[in-house]
Amino acid sequence: MIRWFRSAALLLALLALHAWAQISTRSTAQAGVTSGDLVIPKPAGTNTNDVLVAGITVVPASRTIATPAGWTLVSSENSGANARLAVFTRVVPAGDSTVTSYTFTLGGGAHSGAAGGIVAFIGVDTATPVNLFAVAGTPASFAHTAPSITT
């Protein structure tokens with residue numbers, strides 16, 4: 001599960017990049033559970049029109065990760081039977097100011113663990129927050145090479 005989460009972190013950095021925008025990270029939040037659904041706090045200071053990118057992983061790969069209301073599924077991949085990784089985006093609407101956390105529903109039976117993180121970005125094109133993406137699984141290691149893309 002760790003290798004997929006680290007790959008997700010590399011992927012998250014690539015997802016919101018647009019060649020002409022001044023993009024920066026506002027804040028991050030993360031959570032993990034050993035059973036049940038995954039609830040991640042809203043990143044601190046999140047404002048209207050920020051773009052949120054969430055990377056969620058669950059073990060085993062046969063479990064599903066439902067797309068929460070207001071989020072867009074970018075990718076859902078698995079590493080054989082080991083783990084599933086899903087990446088979602090959300091452009092924060094004006095009515096989101098009272099939201100304190102986001103729930104990612106994990107289905108398909110009991111799981112042995114799930115973890116995720118949300119990164120809030122500013123300066124992202126809210127009409128097209130992700131113009132392309134790439135996914136690459138990597139072996140268990142502390143060094144990971146991000147896949148190459150051209151924006």
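Select Thr89 first. Leaving aside residues up to four places away in sequence, Thr89 touches Leu52, Val53, Gly70, Trp71, Thr72, Val74 and Val130. Keep in mind that this is a predicted model.

Now show the surface around Thr89. Is this residue buried or exposed? Thr89 has 6% relative accessibility, so it counts as buried; the cut-off for buried is under 20%.

Next, colour the strand that holds it. Thr89 sits in strand β6.

Which strands form it, and in what order? Five strands make an open sheet, ordered β1-β9-β3-β6-β5, with antiparallel pairing. Select 24–33 and 72–78 to see the edge strands, β1 and β5; each pairs on one side only. Neighbouring strands in this sheet are turned against each other by 15° on average, direction ignored.

Move on to another pair. Select β2, residues 38–41, and show its side chains. In a regular strand, side chains alternate between the two faces of the sheet. Along β2 they do alternate: Leu38 and Ile40 point to one face and are buried.

Last stop: the partner of β2. Select β7, residues 101–104. β2 and β7 run antiparallel and are joined by four bridges. Return to Leu38 and look across: Phe104 in β7 stands opposite.

Notes:
Residues numbered from 1 in each chain as written. Predicted model: local features only at pLDDT ≥ 70, side-chain atom pairs only at ≥ 80, totals over all residues. Heavy atoms only, no water. Buried < 20%, exposed > 50% of the residue type's maximum accessible area, 1.4 Å probe, protein only. Helix = DSSP H or I, 4+ residues; strand = E, 2+ residues; numbered from the N terminus. Pairing = 2+ DSSP bridges. Axes fitted to C-alpha atoms, helices over the stretch in contact; angles between N-to-C directions. Contact = heavy atoms within 4.5 Å.
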